[in-house]
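Me: I would like to go through this structure and check the labels put on it. Please set each value against its definition.

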Amino acid sequence: MNSQYNKLYNFQFVAIKFTAIANQYYFPDIPMLRDRKVYKINTYFASTLPKDNNNTTVVGINTNTSNPYTNTDSNYYLTLYINGMEKIKSLDMNLLNTIQAPKNNFSNSGSLFLTPTTIDFSKSYVQQSFGTTAMVPPLSFAFGIYYL
Amino acid sequence: MNPVSNCMVIEIPCTNATSTQFQMPDVPYLRGKKITAIVGSSAQKCLATGNLNLTALVQDQQGTFTSVFLTFSDNKGFQFIQNLPLVELCYTSLQTVTGANHLLLANNTNGMVEINPTIIDFTKSFVYVPAGIGAANYSLQLTVFFEN
């Protein structure tokens, strides 16, 4: 990946809190990030960040299996609205999970590096594929947004 | 990552069990210095802190300190890092928990989070523990790397 953006320039923690099950969970408006160029996004699950900054429980993933791609738990997909279209469409959030604490020392692939770009977060959202374990809100999706 | 030329350890005493926010101390030696990296101590590598000899405050996925966030302000008063989960900085962490899980950090910087050289105003920076630390006499230990 582009080593220039391995550095941390600016960081904003963002949580999508939801109190009921829905098909899509939209980001809140994030005034700090309007017109700022985002170059990296990662996500956190409950195994490494149990609570968000509002003390809301963070969603979990793959807590009962060593292989996130064959498990029966929920998976989450991220859509980012960039330049008037959903340029990042339904990206498996496992690909954004820098830090993992599953069994058998499995670690995921790391952060999502973007060509620095402005994201309209109010039109970006997370979708969920339901697994065998129903989520019990209130919960939150947690993201780390790195921007220039 | 550039070769290390300077580093020092700072500690943020978290001595009040019910508080959720702890301001960082003034660090005169770091005034005007550009910070290039920050590393947090993990419980496995740091049972007690070096300066204050207190129990190290770490992000513990078992729920003792469920989530710890760091906010750093630059010398212009801008919070360029807002609510960074402490686990991002604990690259040496190896956490044994129920089920023999291990916490791995697999980010794209070989562990250490490199910061675009920035002057940090530590007196305007703080540690935030949404759930409260629940016990007294802990200390967060950060190793700060900086330019001359």
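Reply: Two residues are in contact if their C-beta atoms, placed from the backbone, lie within 7 Å. By that criterion, and leaving out residues up to four places away in sequence, V38(A) touches L33(A), L114(A), P116(A), T117(A), I119(A), I145(A), Y146(A) and Y147(A). This is a predicted model, in which local features need pLDDT of at least 70, side-chain atom pairs count only at pLDDT 80 or more, and totals for chains, interfaces and linings use all residues. Residues are numbered from 1 along each chain as its sequence is written, while chains are lettered from A and ligands numbered from 1 in the order in which they are written.

Me: What makes V38(A) stand out in the largest nonpolar core?

Reply: A nonpolar core is a set of buried Ala, Val, Leu, Ile, Met, Phe, Trp, Tyr and Cys residues joined through C-beta atoms within 7 Å. The largest one has 64 residues, and V38(A), C14(B) and V127(B) touch the most other members. Strand β9 (residues 139-147) of chain A gives the most to this core, with 7 residues. In soluble globular proteins, nonpolar side chains tend to be buried together.

Me: Why is F18(A) called buried?

Reply: A residue is buried if 20 or more other C-beta atoms lie within 10 Å of its own, exposed if 12 or fewer, and partly exposed in between, with C-beta atoms placed from the backbone. F18(A) has 20 other C-beta atoms within 10 Å, so F18(A) is buried. This residue lies in strand β1 (residues 10-18) of chain A. Beyond four places in sequence, F18(A) touches Y25(A), P137(A), P138(A) and L139(A). The C-alpha atoms of F18(A) and F141(A) are separated by 8.5 Å, although the two are 123 residues apart along the chain.

Me: How do you know whether D35(A) and N55(A) are exposed or partly exposed?

Reply: D35(A) has 6 other C-beta atoms within 10 Å and is therefore exposed. N55(A) has 15 C-beta neighbours inside 10 Å, so N55(A) counts as partly exposed. D35(A) is in the loop between β2 (24-26) and β3 (37-44) of chain A, and N55(A) is in the loop between β3 and β4 (75-82) of that chain. Neither is a glycine, yet phi is near 65° for D35(A) and about 65° for N55(A).

Me: What elements does chain A have?

Reply: Helices (H or I, at least four residues) and strands (E, at least two) are DSSP runs, numbered from the N terminus. On that basis chain A has 0 helices and 9 strands. Of its 148 residues, 39% are buried.

Me: What pairs with strand β9 (residues 138-146) of chain B?

Reply: Two strands pair if DSSP finds at least two bridges between them. Strand β1 (residues 7-14) of chain B is joined to β9(B) by 8 bridges, antiparallel, with P13(B) partnered by S139(B). Strand β3 (residues 34-40) of chain B has 5 bridges to β9(B), also antiparallel, and G40(B) stands opposite L142(B). In β9(B), 7 of 9 residues are buried.

Me: Where in chain B does pLDDT stay under 50?

Reply: pLDDT is the predictor's confidence in each residue, from 0 to 100. It stays under 50 over residues 92-110 of chain B. Where pLDDT is low, the predicted coordinates should not be read in detail. Chain B averages a pLDDT of 76.
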